[in-house]
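This report concerns the structure shown below.

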Amino acid sequence: MTDTIDRSNTADHDRVLDHLVVRFAGDSGDGMQLTGDRFTSVSASFGNDLSTLPDFPAEIRAPAGTVNGVSAFQVNIADHEITTPGDDPNVLVAMNAAALKADLHRLQPGGTLIINEDSFGERDLEKAGYVTEYGPNSEPINPLEDDSLNGYRVLRVPMTTLTKQVCEPLGIKPRDAERSKNFFALGLVSWMYTRPVEPTEEWIGKKFAKNKQVAAANKAAFRAGFNFGETTEAVGHRYEVRPATLPAGTYTSITGNTALSWGLVAAGQLAKLPITLGSYPITPASDILHELSKHKQFGIRTVQAEDEIAAVGVALGASFAGHLGITTTSGPGVALKSETISLAIAIELPMLIIDIQRGGPSTGLPTKTEASDLNLALYGRHGESPLPVIASYSPAHCFHAAIEAARIALKYRTPVILLSDGYLANGSEPWKLPDVGSLPDISVPFTTEPNHVTADGTEDFWPYLRDPETLARPWAIPGTPGLMHRVGGLEKADGTGNIDYTPENHEHMTELRAAKVAAVAADIPPTEVSGDLDADVLVLGWGSTWAAIDAAVQRRRRAGVKVAKAHITHLSPLPPDLGDLLRRYERVILPELNRGQLAHHLRGTYLIDITSVSKVQGLPFKSREIEDAIDTAVTNLSDDQRGATS
Amino acid sequence: MSTEQVAVTTKKDWTSSQEVRWCPGCGDYGILLAVQQLMPELGVAPENTVFVSGIGCSSRFPYYMNTYGMHSIHGRAPAIATGVATARPDLDVWVITGDGDGLSIGGNHLIHALRRNVNLNILLFNNRIYGLTKGQYSPTSEVGKVTKSTPMGSVDAPFNPLSVALGAEASFVARTHDLDRKHMQETFKAAHAHQGASFVEIYQNCNVFNDVQFAGATKKASRDEMMIDLAHGEPILFGNENQRGVMQGTDGFLHIVEVADVGLDRILVHDEKNEHPSLAFALARLNSDDHSPTPFGVFRNIERAEYTKSVSDQVLAASEANGPGDLNTLLASNGTWTVN
């Protein structure tokens, strides 16, 4: 129940909802992601603002019917601007007993439960763990028959049976027909919440064009679900979530990984450079490899490398040759790429390393979100090896973050790490398409002429002669006559780039590399503070916590609590105004999907205490959790701290 | 490959100003000289040539070539070179690696560059020892080798580099040695002419940590008896009067025979273009140790789809099919709606 607006004065308030959070939950094979996606698309084109949270297991097909195999898709649709997929669903669609077992606790009290009662047989209940006790005497307990669902509005629908029945006249075998039951659920929910029917029917026709029988079954099931709502009194009346009044413009519904991919395509165009992507498949980053591989007409080459190390090697080799070299991965991959990233720092070439973070350590929670690679990004290399780190904060922002990462990489000839996470990667939101003409020109010239004159008057090329302002070294690419030069991991002499092991030179070069990255700070826009600028408490955020923080701050302010917020996208170097900004507040709270990595970093950097709010459950923050942290911070202010902020 | 007229160059144009820092007497000097002398003959320009190396003694090589170059990371040269070549198929890309760099820490990248058939000229300096780290056994060291890390003798079975390359579906596989500049140059020239990944094993002497390792085959006095020169289309003969040869027996295996015993027409005719790698594989394993006759030259040289060209062809095909990329079209490609 985030960002709720009070609409009690609406005339037909019992039928119009300002927002609705639906969670579709079922077995991994039940097509819940597809169903949720479809509900989202229809709502997007209807004009709602929305935010989604796909939540699925790492196993492609965990044992059917078990809690481990439950795959869910949560979507928040609203008639006003929202940022989060909602804390607690208003509606839970449970396609089987395991889904009910796994997700009932998420449903808001009094919420609507739509249950496929065909999947509550004894065997289903056992597999879902609805049993009295373990061992030989265990007996199934049916939650549909005890009191455990009191307090919810329960709709029991024999979805499998009804789907089979409606498919029978089409000559579809019951086993095949059963697979369409998710469309029955979608049809029913579409009726209950007044979603348009035609786009989905049209979409089914296109999506399953190759298999007419499946298309027919899905359409029939969808229509049957819709009609079930219309004709069965048990369902009651329909609700509506009206279109949101979003700023005028052309919109598309976009996930973070798609936005990031398109941002990379745009970065290549804006830099006037071809792109070479080196990548090794890894969840949740693989979709970027897939997406970029579809757009070769932009001069994009994608290499699915033999491993993570080769992937970053390909990117670095391409950058040396004059392309925008990119590698995409998740935390374990960044660890493997670490040595090559250090080489990129030493040879001072532009390169993008995209880390779609997931729960760690090790394989951890591959399909769940976490923001625990910040330390890895900031510090995870041998030697003194600083580099710029950027973090995207919403699915759509991934587009702009990719361009910004490329801009910095090219201008300063440095590898840049761009952090996203599993929640942003797979979550979606409506995105007002930017005016392509307004995107920045991030092109940099290659060096084509000698840049130095020797004592005897001959011209030569010094690969480490720096731009005095940016400290970037010249980028002279193979094919350029007269500028042949060698780069490598051995320490280079400032200027000539020849191997140089002298103590003073190494210290000097170490300082120069750090100064170059530090100089990026002058290129960062001022940190924006919103909410009550004169509050005592500031909520600072980075990455995907933006949505929950935004919702929480809005709600606390509506409740009369004074609170400010700021969100940073540049994590290295930090915005130059950040230290002063933080010092203006009595309390700074910093929610992170890790154990307080940025809080720790900021304490060390600014010698300021920061209240870390930590969550590592593989799930994004609920805004309520952040509201609680705000309330605690405000309550704990001492009297002399209260109102002391100027 | 540039189609433009390339200016005539000399060895000097290919030699950088950097002081060469290998140990005196190292086999690497001979290889460097062979390459620097050969380059003007190849009709290519220094600015269109890139040398990429990993880490190890041999990997200092790029610093001494007046071309574009990268002295990269231990084992990773084939991957980085794949990036260079994929981005820029117009360039001549050489990989300089060693037995530790290419077959141990970087074995994975080497086999995949060969499998993909990336247009790289890969020169593997095989001295069967770790030189830069001062003398530990390598993945090509023989069982029982006593080194600092194997005082009781190595218990690791070694790789045969040519077997690895052939097993990785390499389209060009050759062997040469650091004592014969002319043979090196002929071999490198053939490797350069080959479109695709060219793998050349160079027997290279490390006079500090593994001296005379290959002398059994390569020293002048024993060359006639121990070195088998492979020539495409010619019977495989050796010996000071070509009196010995290689024959494929009825058992399918290769045997070293006296020509007089079997007749010249029973001697195997070398076919580097044979699509099937099994004979090349058998030749690569003809010498069981360094004291038996050892084949040198080009074992395999076949044509198959080259990776960087295939990648470029897809980029061109996409542009032809879809027109040049347009950002506005891309951003609208998942369906849009308008808010007024």
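The sections below describe a predicted model.

## Contact between chains A and B

The contact draws 56 residues from chain A and 51 residues from chain B. On the side of chain A that touches chain B, at least two residues each are supplied by helix 1, strand 9 (249-255), helix 9 (256-271), strand 10, strand 11 (300-304), helix 11 (308-320), helix 12 (331-347) and strand 19 (486-488) of chain A. Helix 11 of chain A provides the largest share of that side, with nine residues. Sorted by class, the side of chain A that touches chain B consists of 26 nonpolar, 24 polar and six charged residues.

Strand pairing also links the two chains: strand 19 of chain A pairs with strand 2 (residues 68-71) of chain B in the parallel sense, over three bridges. Within this pairing, Val487(A) stands opposite Met70(B).

## Helix packing in chain A

Two packed helices are described by the angle between their axes and the distance between the axes. In chain A, helix 1 (residues 32-46) and helix 7 (residues 198-207) pack with their axes 10 Å apart and at an angle of about 130 degrees. Helix 1 of chain A is therefore oblique to helix 7 of chain A. Their crossing is right-handed.

Helix 1 of chain A contributes Arg38(A), Val42(A) and Ser45(A), which meet Pro199(A), Thr200(A) and Trp203(A) of helix 7 of chain A. By class, this contact comprises three nonpolar, two polar and one charged residues.

## Helix packing in chain B

Helix 1 (residues 27-38) and helix 6 (residues 181-193) of chain B cross at roughly 55 degrees, and their axes come within 9 Å. This angle makes helix 1 of chain B oblique to helix 6 of chain B. The crossing of these helices of chain B is right-handed.

From helix 1 of chain B, the contact involves Gly30(B), Ile31(B), Leu33(B), Ala34(B), Val35(B), Gln37(B) and Leu38(B); from helix 6 of chain B, it involves Arg181(B), Met184(B), Gln185(B), Phe188(B) and Lys189(B). By class, seven nonpolar, three polar and two charged residues make up this contact of helix 1 with helix 6 of chain B.

## Cis peptide bonds and positive phi values

Most residues other than glycine have a negative phi, and most peptide bonds are trans. In chain A, the peptide bond from Thr283(A) to Pro284(A) is cis, with omega near 0 degrees. Pro284(A) lies in the loop between strand 10 (275-279) and helix 10 (286-293) of chain A. Ser572(A) and Pro573(A) are likewise joined by a cis peptide bond, with omega about -10 degrees. The loop that holds Pro573(A) runs between strand 23 (570-572) and helix 18 (578-583) of chain A.

Arg413(A), although not a glycine, has a positive phi of about 50 degrees. This residue is placed in the loop between helix 14 (397-412) and strand 15 (415-421) of chain A. Arg413(A) is buried, because 23 other C-beta atoms lie within 10 Å. In chain B, Val212(B) is not a glycine either, and has a positive phi of about 50 degrees. Its loop lies between strand 8 (198-203) and helix 7 (215-218) of chain B. Val212(B) is exposed, because 12 other C-beta atoms lie within 10 Å.

Methods
Residues numbered from 1 in each chain as written. Chains lettered and ligands numbered in written order. Predicted model: local features only at pLDDT ≥ 70, side-chain atom pairs only at ≥ 80, totals over all residues. Axes fitted to C-alpha atoms, helices over the stretch in contact; angles between N-to-C directions. Helix = DSSP H or I, 4+ residues; strand = E, 2+ residues; numbered from the N terminus. Parallel < 35°, antiparallel > 145°, perpendicular 65-115°, else oblique. Left-handed = near helix turned anticlockwise from the far one by under 90°. Contact = placed C-beta atoms within 7 Å. Nonpolar A, V, L, I, M, F, W, Y, C, P; charged D, E, K, R; others polar. Buried ≥ 20, exposed ≤ 12 C-beta atoms within 10 Å, placed from the backbone. Pairing = 2+ DSSP bridges.
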